Amino acid sequence: MQTLFDKILEADAGLRPQVPVSSLEFSAKLSHALGCQVWNKTDHLQPTGSFKVRGSANKIRVLGDLARARGVVTASTGNHGLGVARASKLAGVAATVYIGHGAMPAKVQAIRDLGAEIVEVDGSPLAAELEARRQSELTGKPYVAPYNDYDTIAGQGTIGAELARQHKDLDAVFVCVGGGGLVAGIGVAMKQLSPKTRIIGVSPENSRCMLESLKAGRIIAFEEFPTLSDASLGEVEPGSVTFPLCQQVIDHTIVVDEREIAGAMRMVAQSDGWMVEGTAGVALAGLMQQRESFRGQNVAIVLCGRNVTVDTFMGAMALAGPTELETAAP
């Protein structure tokens, strides 16, 4: 029987060149400021501006011809929908994306621009997921899960396979945790290919359902609030396969608040000239919060997305205030 790790290795070969390998870039300024060797995994530079292009492309890649002919359905707060829309367009597959409350209008329009049909659900992101799954069962169209699917997780796990090749001595990888597909995939790959590397799961204080579920030992409902990390917003689907995987692969968890996320977004802009979204800021904010525990170590930050509006980004810059890169003496 094919294991999830086998699926990741297969995806790592099969997704090219549709999904390019993202670079791992050393950040001299972040390294100096934080006292460790910081390496940025640049998935914000993927074609749709997010790592989500990986899992969605992999799921559509493994569908049979009959399944593709029916078209696919999915649910998304934005980035996954963009990935599904792009992969579907390239494969000549019709796609329908269910959207709940909290999706950025700019992302929704970008999904439409790629040719996917949008169905708005009057409810939470989880409600949109459940409705999309219901429609999948009613119509027979395959459901492309944003995280709760082994093929999707395998696509995201290709980041871990790339990291293991790109740096042979990583002490830790910091990953934003939403539904758990990204950290689960990376974790499964790294535990096989670089077992010494610690997997650090970071969640925004306003949306930490998976981390609270890990504490409880079961998937629980946990109240969500608006966050700069809108792409990770939403409760974990009941019975999600990501939950036991997260239990196995996450070595340490961190919760960061909105000001910390904003500060990390500003630090990336100041250090490396990139305007990243809140989900990417979450990962760096985790390292910034606990930098002393990683002093002198090689750490990778998964910059998982760049799809942020100018207004949202400028609001984050104001919330953050000047960073230590700006205030430090020359």
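**Exercise 1. Decide whether R54 is buried or exposed, and find its side-chain partner.**

Solution. Begin with the accessibility of R54: the value is 0% relative accessibility, so R54 counts as buried, where buried means under 20% relative accessible area and exposed over 50%, with partly exposed in between (1.4 Å probe, protein chains only).

The model is predicted, and local features need pLDDT of at least 70, side-chain atom pairs count only at pLDDT 80 or more, and totals for chains, interfaces and linings use all residues. Residues are numbered from 1 along each chain as its sequence is written, and side-chain values use heavy atoms, with hydrogens and water left out.

**Exercise 2. Work out the strand order of the open sheet of three strands, and state which helices pack on the sheet.**

Solution. The order is β3-β4-β5, with parallel pairing, and two strands pair if DSSP finds at least two bridges between them. The edge strands, each pairing on one side only, are β3 (72-75) and β5 (117-120). From one strand to the next, the twist averages 20°, with axes taken as lines fitted to C-alpha atoms, for helices over the stretch in contact, and angles running from 0 to 180 degrees between N-to-C directions. Strand β4, residues 95-99, pairs with β5 in the parallel sense over four bridges, and V97 stands opposite I118 in β5. Helix α5 (residues 79-91) packs on the sheet and touches β3 and β4, its direction making about 165° with that of β3; contact here means heavy atoms within 4.5 Å. Helix α7 (residues 125-139) also packs on the sheet, touching β3 and β4, and its direction makes about 165° with that of β3.

**Exercise 3. Describe the peptide bond from R16 to P17 and locate P17.**

Solution. The bond from R16 to P17 is cis, with omega near 0°. As for its location, P17 lies in the loop between α1 (4-14) and β1 (24-26).

Definitions and conventions:
Helices (H or I, at least four residues) and strands (E, at least two) are DSSP runs, numbered from the N terminus.
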